[in-house]
Amino acid sequence: MDFNIIRIARTVINVKDLDRSREFYVNALGFIETESDDKHIYLRGLEEHVHHSLVLKKSEKLGVHALGYKVEKEADLDKLQSFFQAKGLKTKWLAEGTQHALGRALHVHDVSGMPLEFFCKMDGAERMIQRYDQYRGARIQRIDHVNCAVPDVEKAYNFFINELGFACSEYTATEDDRIWAAWLHRKQTVHDQAFMNGEGPRLHHFAYWLPDPLALIHCCDVLASLGYAANIERGPGRHGLSNAFFLYLRDPDGYRIELYNGDYLTSDPDFNPVKWDLNDPRRQTFWGSKAPDSWFNETSPFLDIETGEEVKAENPLLEQRKPEFIL
């Protein structure tokens, strides 16, 4: 490929009540509110030097507008448009200024039907990494990854690896060596984009990196003190896959967010993906309670880039099992 995708960079979701969402994301979790109006809240982590990595849009209809990826150069956007059109996949341009603080953006649907966004330019913002007076809640640092349920993980895996230039850090295989889940990356950590076998395409969660495990524990205390204890869906605990310390939360509209710390570097060109057997007990949570049924069965819909309607979900090709965890 002759384009360069840098990393996962933002998520855009609909929420029903901006004030309610602000209480959760800003006052409880500690996101930095860069800017807001009567229809949007733009949020970022302490480490992030750009305007936002999460957009909350006011709407009575819940759903995910886009998983946004940053590219290296403006020319990469034109090359990506040609690439997706050659595949017969839907594309849509949003001119610079159409989306606040963002340059021109290419919206597409990938082979699984997920709405992806590619952009190069975003307005800057103060990097707050040494503004320790602003370290509140979970001390959110930066966006880390997204995880999506898709009906055909191998199809998604092949497209992202062979066509978009992603690499695989870890994957789970069935007894007959079919890919059941995969962790793919462009930046030099375990993942930017993960896929899990399930009804889809749908968003399972988006995840933010924390400075240390203590920030995650402190967040639990803050959530409980503010009346959000029931929003803790799973964890804290440590994953076997990726070795990450984790906490899964549900926001007031039901979106799942993972707070995350402690994976590893994947930059070496001779790094080999870690294969896990679906029945291997070592892939269970390294320690922590088992995930509730909601964690396996509840996901969020994607929205069509043209109509705004929910993208139709299809049943998975492989058997829907209940493993001990998916990152």
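**Aromatic pairs and a charged patch**

Phe31 is buried, at 0% relative accessibility (buried is under 20% relative accessible area, exposed over 50%, partly exposed in between, with a 1.4 Å probe and protein chains only). The model is predicted: local features need pLDDT of at least 70, side-chain atom pairs count only at pLDDT 80 or more, and totals for chains, interfaces and linings use all residues. Residues are numbered from 1 along each chain as its sequence is written, and side-chain values use heavy atoms, leaving out hydrogens and water.

**Aromatic pairs**

- The whole structure holds 22 aromatic pairs (ring centres of Phe, Tyr or the six-membered ring of Trp within 6.5 Å; planes under 30 degrees apart are stacked, over 60 edge-to-face, the rest tilted).
- Phe31 and Tyr208 pair edge-to-face, 4.8 Å centre to centre with 80 degrees between the planes.
- Phe31 sits in the loop between α1 (18–28) and β2 (32–36) and Tyr208 in strand β13 (residues 202–209), so this pair ties together parts 177 residues apart in sequence.
- Tyr208 is buried, at 0% relative accessibility.
- Phe245 and Trp287 form a tilted pair, 5.7 Å centre to centre with 50 degrees between the planes.
- Phe245 lies in strand β15 (residues 245–250) and Trp287 in the loop between β17 (274–277) and α5 (293–297), 42 residues apart.
- Phe245 is buried at 6% relative accessible area, whereas Trp287 is partly exposed at 41% relative accessibility.

**Negative patch**

- Glu35, Asp37, Asp38 and Asp123 gather in a surface patch of negative charge (residues with over 30% relative accessible area and no salt bridge, like charges joined within 9 Å).
- Asp123 belongs to the loop between β8 (115–119) and β9 (142–150).
- Asp123 is partly exposed, at 43% relative accessibility.

How values were computed
Patch = residues over 30% accessible without salt bridge, like charges linked within 9 Å, V, L, I, M, F, W, Y side chains within 5 Å. Areas by Shrake-Rupley, 256 points an atom, 1.4 Å probe, with all protein chains shown as cover. Salt bridge = Lys/Arg side-chain N within 4 Å of Asp/Glu carboxyl O. Lys, Arg positive; Asp, Glu negative; His and termini not counted. Charge placed at Lys NZ, Arg CZ, Asp CG, Glu CD. Helix = DSSP H or I, 4+ residues; strand = E, 2+ residues; numbered from the N terminus.
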